[in-house]
Amino acid sequence: MAECKPMMPNLEGEENVIAATHHIVRALGTSKNLTPEMRKILEDLDTQLSTMALTAENKEKEVSDFEKEFSSIKEKIMKWDSDESMIWDCGVDAATEYLQAIHQAQNLSERLGALSVNADGQENELLQGVHSVLQIAMARLEEELTHILAQNKQSFEPEHMSFRSHEEDINYEDSFVSVEDDPNEESLRRDSSSKNPEDYIIDLVDPVVISDLNRIVNTMFSSGFDQECCQAYINIRKDALDECLYLLEVEKLSIEEVLRTEWSNLIVRIKKWNRAMKIFLRVYLASEKQLCDQVFGEFESAKQTCFVEISKSPIFQLLTFGEAIAIGPRQPEKLFLILDMYEVLSDLLPDVDVLFIEEAGSTVRFECREVLKRLGDSVRGTVSEFENAVGSNVSTNPFAGGGIHHLTKYVMNYIKALTGYSGTLNLLFLEATDEDDTISLMPNTLPAVSDEEYENESSNFSASPMAYHLRSITSLLESNLDVKSKLYRDAALQQFFLMNNIYYMVQKVKGPELRPLFGNDWIKQRNGKFQQYAMNYERATWNSILSLLKEEGMCTPGSHSVSKKVLKERFKSFNLAFEEAYKSQTAWLIPDIQLREDLRISVSLKVIQAYRTFMGRHEGTLDSRSTEKYIKYNAEDLENFILDLFEGSPRSLPNSRRR
């Protein structure tokens, strides 16, 4: 830029006037006609003019000194204007000299204030020159500030940071009927971290240069360039925060883009969001706030303003994603991820309040709470959708093999997983209750727990809102299973199906997660149910078969001797009935090993005992040829065959001769 050539103020005319006036006063003083009073006035005037002449002379000398001082300052500052190297890279001496020149310019500006306006009201040109040089110096300090921050940025490695939460333990599925048992049957674990907030703070910039940054900031603020300083700092640190989100794998998506994204793709993004929120707020922003405090020192307003301006945009970017998930379709498979998001944001609210404690951060605090509220609404709405889905799940075909229906597995594993969020769900359900003075989430079709059942079990189960919901969901499931059982034409298979599914529910509720919410009486009642279903199955299947081994109708009319014809028909019918039961019920499935063994034993005790007794009485009635033809199996054969039942793999008995 063109050099500013300051000019000395026009003092020559002023000196000539004083000299001429002084000459006139002295000439008048030589007159002999002067009265003493007039002579005294002229003497005083002569003294004043002498003083004025001396002042003008000093003023001229002072201006000359200012020009020399300014020339020296300007030389120190302007020599870096054409130098491409950075001042602070050249060493502490170069930086100190540059700052000293700026402080000298500031001081000169203040001293020139007395000479800053001439007779025409125009700013003193020397002062203009000082201001011009100061502006050049401030622009250079902005560059130096930005350069130091960029060159001394510390590496940020989020992959080395760990924050546990529920999503690490849950296998999220995208199908309503695809949840299988967790083979490890582990309870959900919570983030057990007990660190203090200070433990998360890291150095985002090399601590060695903090004092240099502080000196630059102090110099720019004292020169009245505080806004320029803050803006330069904000610009460079905004880029750093954008880089942080990139390292945390956070994509910048609008609400519309999130809503258009397939749920399977959102699962990964939500997990990344949960981790990013914790690392970004607890580590990065806490560290960013510390950096602001260090760099801006005593300038409290600037510290908070800069921090908010730097962090506001990336936080809103994260919150936008959270809001998009909250307002999206409410589907049961989304609940756990939304709960994770709710808990993450809820846990971070104290951190938000500490980071954005001033009025400047009130918008951030408000938006965090708004997104949290929307996530809470989404959780409650999704639970309601889940309840509706359990009640309305329709099957058109019977479930193969009478085993544990996918719906039963899904619901029981689903509600077991929900126990890991008991505190959050109870809070959200209570909020809904407070708003509506009722358990507002219960659909009209939801079968409520009876007063009698509630009173009987209140002594050994939790009466929390969550417990009420889970118990009601299992009531819905039982009703739905009853409807599904009617799809079987075989009455025995209907009971077999209900036995399997109720037993599965009982085993799940017996676990440490659900037992406190359901109570021992609930378990006792359902134990009674599945035992009754097992008994009903045995009656429906085996009573008709065992009736063939009874003595009634065996004798010839009018005689007490056993009819061989009837005996042959009985053995023939028994063989056919047993083989048919074997063929069909080897295809039936009891997944639980203990239940399968117990039912086999129960069937075996009834069948084998009856068969042994019948054979013992009548085996000798038939001749050897008839015995070989009609008594195909002995008791040990039948016992072994019963051990093949309920494996889910259909078999047929060989038409072998009696062994």
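Tutor: Let's start with His618, which sits in helix α20 (residues 593–618); helices here are DSSP runs of H or I with at least four residues, numbered from the N terminus. Bear in mind that this is a predicted model, where local features need pLDDT of at least 70, side-chain atom pairs count only at pLDDT 80 or more, and totals for chains, interfaces and linings use all residues. Residues are numbered from 1 along each chain as its sequence is written, and side-chain values use heavy atoms, with hydrogens and water left out.

His618 is buried, at a relative accessible area of 3%; buried means under 20%, exposed over 50%, and partly exposed in between, with a 1.4 Å probe and protein chains only. Leaving out residues up to four places away in sequence, His618 touches Glu551, Met554, Val562 and Leu567, where contact means heavy atoms within 4.5 Å. With Glu551 there is also a side-chain to side-chain polar contact at 3.0 Å. That term covers a pair of N or O atoms within 3.5 Å; within protein, one must be able to donate a hydrogen and the other to accept it, and residues adjacent in sequence count only if both atoms are side-chain atoms.

On to the backbone. Phe646, in the segment after α22 (635–642), has a positive phi near 70 degrees despite being a residue other than glycine. Phe646 is buried, with a relative accessible area of 0%. Glu249 isn't a glycine either, yet its phi is positive, about 60 degrees. You'll find Glu249 in the loop between α6 (226–247) and α7 (255–260), and it is partly exposed at 48%.

Now for a helix pair: α8 (residues 263–296) and α9 (residues 300–327) pack at about 175 degrees with axes 10 Å apart. Those axes are lines fitted to C-alpha atoms over the stretch in contact, and angles run from 0 to 180 degrees between N-to-C directions. So α8 is roughly antiparallel to α9, a label for angles over 145 degrees. Their contact has 18 nonpolar, three polar and five charged residues; Ala, Val, Leu, Ile, Met, Phe, Trp, Tyr, Cys and Pro count as nonpolar, Asp, Glu, Lys and Arg as charged, and the others, Gly among them, as polar.

What about the cysteines? The sulfur of Cys292 has its closest cysteine sulfur in Cys306, 5.9 Å away, which is too far for a bond, as a disulfide needs two cysteine sulfur atoms within 2.5 Å. Cys292 is buried at 0%, and Cys244 is buried at 1%. Across the whole structure, the search finds zero disulfides.

Definitions and conventions: Helix = DSSP H or I, 4+ residues; strand = E, 2+ residues; numbered from the N terminus. Parallel < 35°, antiparallel > 145°, perpendicular 65-115°, else oblique.
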